[in-house]
Every structure is written in C-alpha cells, then in structure tokens.
Amino acid sequence: MEKDMLKKNKVLGINLLYILSIVPLIIYGFYKNGIMVYQHGYISLFLSFQYLVIPIVIIVLSYVFEIYYYIGLKKDDDYHNVVNSLVPYINALCYLVCGPLDYLWLTVPLIVVLDVLLKFIDNKININQVALFKCILYVILMAMGIKGVANNYEIAEGFSTGFKSLFLGSFAGEIGVTSTLLVLVGFVILFFNSYYKKEIPIIALLSYAIVSVVIALVTSSGFNAVLVNTLQSGLLFNLVFVGTISEATPVVKMGRIIYALLLGILCAISVNALHLSIGIYAVILALSLCTGLFNKIK
C-alpha cells in the first residue's frame, strides 16, 4: 500500500460520511425489528441481533469484495479504488430496503449477483443499483406470494398509523426506511459531504409537494391522506439516500435539476394517485438509465 495513502485520500473520509449517515437507521432497524420484537416474545435474542450484525457484515464483506476485484483481479498497485468505492454503502442500502422477514438466502445472494453483474458492465451504463435490487426483489417476492413488510410483532399485534408513529418510524415497513426523523438526521450528516448532491432531494421534495397538493385537490382525497401516503411510502428515505447515488445521477447542474423535478413529479403520481410505493424505486431506476441524456442538458 502506498505510504500515507489513507491520510492523503480525502474521498475515503467522504465515503465514510455516507456510511455514517445510515448508521442511525441501522440502529433503529435493529431496535424496531429485533429488540422490540424480542421483548414481546416473538423471536429469540439471538435472532434479534441479525438486524445489527448483517448490515455490518455486508459493509465489511463489500470492502473485501472490492479488494479482491481491484487488487486480485485487476492487479491495481494501490488501494485507491477500494477506499473510494461506494459499493459498501450501496449494499447496505439494499439491505435496508428489504422487508424484516425477507429471506436472507434470497436477499444477500441477490446483492452479490448485482455487484458482480455491474462490475462486468463496468460503467458502460448508468443504473441505480439499489432501485434495481428493490424492483427485482419485489417481483420475486410477489411471485412467491409475499406482499407484507411487517415484522412478527406487527403481524400479531398490529401497529399505529398516527402522525407521531409515522414520523418516528414505528409502523410496518422495510428494515431501515420507516423513520422520517432519522432520515432527516442522515440528510444533515450528508449535507456536509462535498460529493453529496444535496439539491436533488430538496428540489424533488418541492416538486413532489406541489404535484401532491394538485392531486389532493383534484381527487378530494385531503391533505392528511397525502401526508400519510408520503410517510408510509418511504419517500424521504429514497429522495435522500437512493435517488442521490452519485454514480446513477447527472453530473451537470441543469441535468440534476431536471432529474430532481421529474423524480418529485413522478413519485407524487406513483404515491398519491397510483398508491404504489414500489413505483418510487421504478421511477429512480428509470431516471438513472437516462443519466447520459440528463448530462447533455446545458
């Protein structure tokens, strides 16, 4: 390894901020789907710790995978590509968008397969890996007849859908997606990351709000319904974390603005008109494939 390489490499610190931003969500996912469910007697203490151990293992093994790929296969003479990699962060996000009862024998291999597949593509195409993972997983689970995202306690006892519960995240949802409060904490952390495209979630949320209000007025569904749909859908998680992944979003300023506007508009239609939360991931996936076109907008 190059002498003082880690000290000189500022991108490593930047990437560690990405991982730090999702640590609160990992801890809350562990509490909500592990400790709380254990306290009510629906799983063992040993199984409860999977929600803390698995994301940590995924991050560590992702770095191992990157070392093998760049040092072992590509014969790089330093670790720059390894420490600069967003793969550990992306793979952790993939885990966080899984349902708490989704099968590990399905989700973890799917993460690995996509890692390998996208390495072979090697930047020939811009694609949002988290959105792709979620869409494929959704189709597989639907084919298996699995639709819910509740943990064992929520299945047995039910859950609240009041504003406080929706804001804090104590309702049925994917492992790390439900807490709006902790998503906002993550956004504050990322705000100090110079590589983070912070204007995307801000613009997207504004366009989402405007279109959602229009939908509420046209359908007479009410603003409370819009608020509930927004919080239950995991929209903010996707705008802050998934929809801003640097490799799958435009580089040029105007391209990012158009991308963000379309992201907000299409997500509003998906969530408040079609009532399809999975549509958020489909929108992000489709827009990521258009990154090359967005980059041509001056």
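Helix axes are lines fitted to C-alpha atoms over the stretch in contact, and angles run from 0 to 180 degrees between N-to-C directions. Helices are DSSP runs (H or I, at least four residues), numbered from the N terminus. The model is predicted: local features need pLDDT of at least 70, side-chain atom pairs count only at pLDDT 80 or more, and totals for chains, interfaces and linings use all residues. Residues are numbered from 1 along each chain as its sequence is written, and side-chain values use heavy atoms, with hydrogens and water left out.

**Exercise 1. Describe how α4 packs against α6.**

Step 1. Locate the helices. α4 spans residues 50-73 and α6 spans residues 87-96.

Step 2. Take the geometry. The angle is about 150 degrees, and the axes lie 8 Å apart.

Step 3. Classify the angle. Under 35 degrees counts as roughly parallel, over 145 as roughly antiparallel, 65 to 115 as roughly perpendicular, and the rest as oblique. Therefore α4 and α6 are roughly antiparallel to each other.

Step 4. List the contact (heavy atoms within 4.5 Å). α4 brings Q50, Y51, I54, P55, I58, I59, S62, Y63 and E66, while α6 brings V87, P88, N91, A92 and Y95.

Step 5. Sort these residues. Ala, Val, Leu, Ile, Met, Phe, Trp, Tyr, Cys and Pro count as nonpolar; Asp, Glu, Lys and Arg as charged; the others, Gly among them, as polar. The contact of α4 with α6 has 10 nonpolar, three polar and one charged.

**Exercise 2. Describe the largest cavity and its lining.**

Step 1. Define it. On a 1 Å grid over the protein atoms alone, a cavity is a set of points where a 1.4 Å probe fits but cannot get out; lining residues have an atom within 4 Å of a point. Grid points are joined across faces, edges and corners, and a volume is the space filled by probe spheres set on the points.

Step 2. Search. The whole structure has one cavity of 30 Å³ or more. The largest cavity holds about 50 Å³.

Step 3. Name the lining. It includes V177, T178, V183, L231 and F237. α14 (235-242) gives the largest share, three residues.

Step 4. Sort the lining. Six residues are nonpolar, five are polar and none is charged.

**Exercise 3. Describe the second largest pocket.**

Step 1. Define it. A pocket is an open set with protein on both sides within 12 Å along at least five of seven lines.

Step 2. Give its volume. The second largest pocket has about 510 Å³ of space.

Step 3. Find its centre. Of 25 lining residues, Y138, K147, V149, E174 and S277 are the closest to it.

Methods: Helices (H or I, at least four residues) and strands (E, at least two) are DSSP runs, numbered from the N terminus.
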